[in-house]
Amino acid sequence: DREKAFEEALGSGKTTEIVDGEGENRTVYRYVPYVSEYDTGTTQRKVIEITYNENELDALLDETRRSFVIQIVIIIVVTTLIASLISRWVSRPMYLAYHDCLTGLKNRAAYEEFLQEKRSDSGKLAYLLLDLDNFKAINDTYGHDTGDEKLKKTANILKQFEQKGVEIFRLGGDEFVMIMSETTIEETEQQAKQLIAKMNETFQNFNCSENDPQLSVSIGIAFAPDHGDDYDELYKKADAALYMSKEKGKNQYCIYEE
């Protein structure tokens with residue numbers, strides 16, 4: 001039978017195959033025609049005989065498959081770890097580029113980028129400029145460590161007001177900006193009142209001595225488009241309103257008036 005299959009493959013040029021035995025002894029004989037490019041004459045046309053036991057081949061294939069799966073899993077795990085490390089290495093500098101390292105709030109660079117993205121379409125919004133009352137006196141008296149602690153406390157309070165449509169930035173020193181999109185005058189005033197009350201509650205027992213000036217917050221508010229569509233203009237109007245808050249005794253908010 002094997003000789004017959006050999007001659008058939010040699011004569012027809014097509015692969016032939018016969019099976020011998022059963023079960024674990026099942027052996028396959030495969031004859032593959034082959035034309036050699038190195039020989040000439042009668043030896044140029046050849047037949048390759050491939051003999052294998054199917055059970056052994058299946059076992060070998062299973063072992064190879066398991067090895068392949070294990071290698072794939074290892075590759076995926078290692079790739080994920082490397083990607084995670086690279087992500088951390090890259091994301092940390094990017095985060096610090098747009099966030100204040102002391103308070104964790106978005107910094108002036110993030111504020112400038114926000115203005116560039118939103119300048120063309122500000123829509124209806126409230127622009128709140130916040131400044132800590134008596135911060136300089138506390139900072140000068142007890143040093144920058146105490147001042148930094150006050151700024152961190154302030155940032156923690158502001159973070160409680162972060163939500164969809166609300167952007168909060170620290171521009172520098174004790175100056176902060178809160179921009180509220182799609183809001184009303186009533187909602188903005190309510191937010192300002194809650195913020196002032198929260199500040200008073202936090203700093204009520206936070207002074208180093210009874211003679212210290214009380215730390216609080218003053219807020220100036222401007223609205224777009226009522227007071228302008230440009231952020232630079234809104235900042236100036238909110239700054240003027242903030243000045244009025246300070247003049248009226250601090251620890252309060254004022255809405256810009258012509």
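Tutor: A residue is called exposed when its relative accessible area is over 50%, and buried when that value is under 20%. Cys101 has a relative accessible area of 71%, so it is exposed. Cys254, at 6%, is therefore buried. A search of the whole structure finds 0 disulfides.

The model under discussion is predicted. Its mean pLDDT is 88, and 95% of the residues reach 70 or more.

The part requested starts with strand 1 (residues 16-20), which pairs with strand 2 (residues 27-35) in the antiparallel sense over 5 bridges. Within this pairing, Ile18 has Tyr29 of strand 2 opposite it. The hairpin formed by strand 1 and strand 2 has 6 residues between the strands, and Gly21 adopts a positive phi near 85 degrees there.

Strand 2 also pairs with strand 3 (residues 45-53), again in the antiparallel sense, over 9 bridges. Here Tyr34 stands opposite Lys46 of strand 3.

Next comes helix 2, whose N-terminal end is capped by Asn53. A side-chain oxygen of Asn53 lies 2.9 Å from the backbone nitrogen of Asn55. Helix 2 covers residues 54-98, which makes 45 residues. At 1.5 Å a residue, the helix should span 66 Å.

Notes: Residues are numbered from 1 along each chain as its sequence is written. This is a predicted model: local features need pLDDT of at least 70, side-chain atom pairs count only at pLDDT 80 or more; totals for chains, interfaces and linings use all residues. Side-chain values use heavy atoms; hydrogens and water are left out. Helices (H or I, at least four residues) and strands (E, at least two) are DSSP runs, numbered from the N terminus. The expected span of a helix is 1.5 Å times one less than its number of residues. A polar contact is a pair of N or O atoms within 3.5 Å; within protein, one must be able to donate a hydrogen and the other to accept it, and residues adjacent in sequence count only if both atoms are side-chain atoms. Two strands pair if DSSP finds at least two bridges between them. pLDDT is the predictor's confidence in each residue, from 0 to 100. A disulfide is a pair of cysteine sulfur atoms within 2.5 Å. Buried means under 20% relative accessible area, exposed over 50%, partly exposed in between (1.4 Å probe, protein chains only).
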